[in-house]
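The sequence and structure come first.

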Amino acid sequence: DFILTIYSGKEIASYSDSIPESVRLQDPATLGAVADLSTAINRILGKTQHARGQLNEHALCAYFEALGFTARRAGKSLDHEKIDVVAENHEQIVYAQAKLGSVSASEIQAVAAAVARRRDAVPITSKTSIAAVAADRFPRDSEILRRRLERQFGLPVMLIHKYQIAETVPDYNRVLG
């Protein structure tokens with residue numbers, strides 16, 4: 001049983017997980033109690049969203065591995081460049097961002113720009129650098145945007161829809177929601 005009582009010279013709020021809803025309705029919530037609960041809920045939701053993001057990255061790795069790449073989560077070293085997953089085969093190296101939900105045109109452009117900077121900053125390699133974004137929804141002009149970014153940055157750009165990942169690695173259907 002969990003009971004929490006808060007005092008500030010006088011009792012401000014009390015919460016118990018064993019108090020029935022009928023009793024709880026008799027005592028109106030105080031502003032402080034609501035603020036505390038709101039903070040706790042936001043913290044939990046933030047952790048949940050972070051965990052979903054990490055699972056999304058694992059699903060993207062599995063997707064690339066099913067396509068014959070070796071893939072790994074990029075980690076903190078590439079986080080500032082908006083790169084979540086790095087996938088390689090003998091011809092290509094794909095730098096990908098895994099988004100939950102929608103992605104905007106500016107976010108796609110930022111990933112392409114980061115991959116172009118990375119390609120230009122590292123020693124010349126025989127592998128083709130590719131910028132990729134995986135998301136649930138893309139801008140309605142995403143194909144036009146993709147082609148423009150390919151011309152602008154001189155590198156291929158992949159837009160991977162969540163359904164493609166779910167069909168390729170069905171074990172992640174539940175994670176992808």
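Which residue forms a salt bridge with Arg118? The partner is Glu81, with the closest N and O atoms 3.2 Å apart. The pair links distant parts of the chain: Arg118 is in helix 3 (residues 105–121), while Glu81 is in the loop between strand 3 (70–73) and strand 4 (85–88), 37 residues away. Helices (H or I, at least four residues) and strands (E, at least two) are DSSP runs, numbered from the N terminus.

This is a predicted model: local features need pLDDT of at least 70, side-chain atom pairs count only at pLDDT 80 or more, and totals for chains, interfaces and linings use all residues. Residues are numbered from 1 along each chain as its sequence is written, and side-chain values use heavy atoms, with hydrogens and water left out.

**Salt bridges**

A salt bridge here is a side-chain nitrogen of Lys or Arg within 4 Å of a carboxyl oxygen of Asp or Glu. The count comes to 8 salt bridges. Three of them are tabulated.

| Pair | N to O distance |
|---|---|
| Arg118 and Glu81 | 3.2 Å |
| Glu88 and Lys127 | 2.7 Å |
| Asp136 and Lys162 | 3.8 Å |

Glu88 lies in strand 4 and Lys127 in the loop between helix 3 and strand 6, so this pair ties together parts 39 residues apart in sequence. Glu81 counts as buried at 15% relative accessibility (buried is under 20%, exposed over 50%, partly exposed in between; 1.4 Å probe, protein chains only). Glu88 is partly exposed at 26%, and Lys127 is partly exposed at 25%.

Asp136 and Lys162 meet in a salt bridge. Asp136 sits in the loop between strand 6 and helix 4, and Lys162 in helix 5 (residues 162–168), so the pair ties together parts 26 residues apart in sequence. Shared partners join Asp136, Arg137 and Lys162 into one network.

**Aromatic pairs**

The whole structure holds 2 aromatic pairs (ring centres of Phe, Tyr or Trp, its six-membered ring, within 6.5 Å; planes under 30 degrees apart are stacked, over 60 edge-to-face, the rest tilted). Tyr63 and Phe64 have centres 5.5 Å apart and planes at 65°, so the pair is edge-to-face. Phe64 and Phe69 are also edge-to-face, at 5.5 Å and 70°. Tyr63 is buried at 7%, Phe64 at 0% and Phe69 at 12%.

**Strand pairing**

Strand 6 (residues 128–135) and strand 7 (residues 157–161) run parallel, joined by 5 bridges (strands pair if DSSP finds at least two bridges between them). Ala131 has Val157 in strand 7 as its bridge partner.
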